[in-house]
Amino acid sequence: MENNLPIENSPSMSRRQLLNFLTGSVIAVTATGALYPAVKFFIPPSDVGEDGSILAKDVHGNLIPIAQILAEPAGTRALVAGLGGEPTYLTVTEDGTLHSWGILDNCTHLGCTFPWNSNEAQFQCPCHGSRYDAEGRVLRGPAPLPLKLAHVNIEGDYIRLSPWLDNDPRTGEKPWWV
Ligand code: FES
């Protein structure tokens, strides 16, 4: 003969389950509250801002720590994935900081990407021979326009790139891309 009551019919077991559930919930809430600051410390800031800005990433989509870029020598042009996924050059300045603008690696002739030639201090497009100075001004066509810029700001351990909507500092005028 079966003497045991089914668990769901046992009032004492139900109370125990309820107590266990409540105790577990209190512990979970307390632990979450205590761990939140520590967890938040290790989570990078949101990579997409309301202003359309993004955090710079490498070719694999990983956030790039600012320390990684600043470990490079002055004058380095570091290529990162920028706004809209467009490759963007960041410049390490002589005083070991980041230049406040990034230069988009997108030729204004027909959109080729191009390398930085450190010997000649120029961006040189391999497609049709356009050349730009270190700040993205056209030195030689057929490129018709200076290179697009993006704002560069340091945010915690990372680099935030935002759309450049102000006057172009190279011309003092409204940028052609706005
Ligand atoms: S795309 Fe760069 S020169 Fe033509």
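**Entry 1: a term to settle.** Before pairing anything up, I noted that two strands pair if DSSP finds at least two bridges between them. With that in hand, I found that β2 and β3 pair in the antiparallel sense over 5 bridges. I also reminded myself that this is a predicted model.

**Entry 2: the overall inventory.** I counted up the secondary structure and got 2 helices and 10 strands. Along the sequence, the pattern I read off is α-β-α-β-β-β-β-β-β-β-β-β. Of the 178 residues in the protein, 20% are buried. I then checked contacts with a separation of 6 or more, and residues 24 or more positions apart account for 40% of them.

**Entry 3: the sheet.** In which order do the 6 strands of the open sheet stand? I traced β1-β10-β9-β4-β3-β2, with antiparallel pairing. Here β1 and β2 are at the edges with a single partner strand each, so one side of each has no neighbour in the sheet.

Entry 4: I started with β1 (residues 54-55), which pairs with β10 (residues 158-163) in the antiparallel sense over 2 bridges. Leu55 stands opposite Arg160 in β10. Next I looked at β9 (residues 149-155), which pairs with β10 in the antiparallel sense over 6 bridges. There I found His151 opposite Ser162 in β10. β9 and β10 make a hairpin with 2 residues between the strands, and Gly156 takes a positive phi near 65° in this hairpin.

Entry 5: I returned to β2 and β3, which form a hairpin with 5 residues between them. In the turn, Gly84 has a positive phi of about 60°. On to the following pair: β3 and β4 (residues 101-104) are antiparallel over 2 bridges, and Tyr89 has Ile103 in β4 as its bridge partner. I also checked burial for β3, where 4 of the 5 residues are buried, so the strand is largely enclosed by the rest of the structure.

**Entry 6: a glycine worth a stop.** Gly82 lies in the loop between β2 (77-81) and β3 (87-91). Is Gly82 buried or exposed? I found 27 other C-beta atoms within 10 Å of Gly82, so it is buried, the cut-off being 20 or more. Leaving out residues up to four places away in sequence, Gly82 touches Ala56, Pro87, Thr88, Gly102, Leu104, Ala150 and Leu161. I looked up one of these, Ala150, in more detail: Gly82 and Ala150 are 68 residues apart in sequence, yet 8.5 Å apart in space, C-alpha to C-alpha.

Entry 7: What phi does Ala121 have? I read a positive value of about 50°, although Ala121 is not a glycine. Ala121 lies in the loop between β5 (116-117) and β6 (122-124). Ala121 has 11 C-beta neighbours inside 10 Å, so it counts as exposed, since the cut-off is 12 or fewer. I then turned to the peptide bond from Gly141 to Pro142, which is cis with omega near 20°. Pro142 has its place in the loop between β8 (138-140) and β9.

Key
Residues numbered from 1 in each chain as written. Predicted model: local features only at pLDDT ≥ 70, side-chain atom pairs only at ≥ 80, totals over all residues. Contact = placed C-beta atoms within 7 Å.
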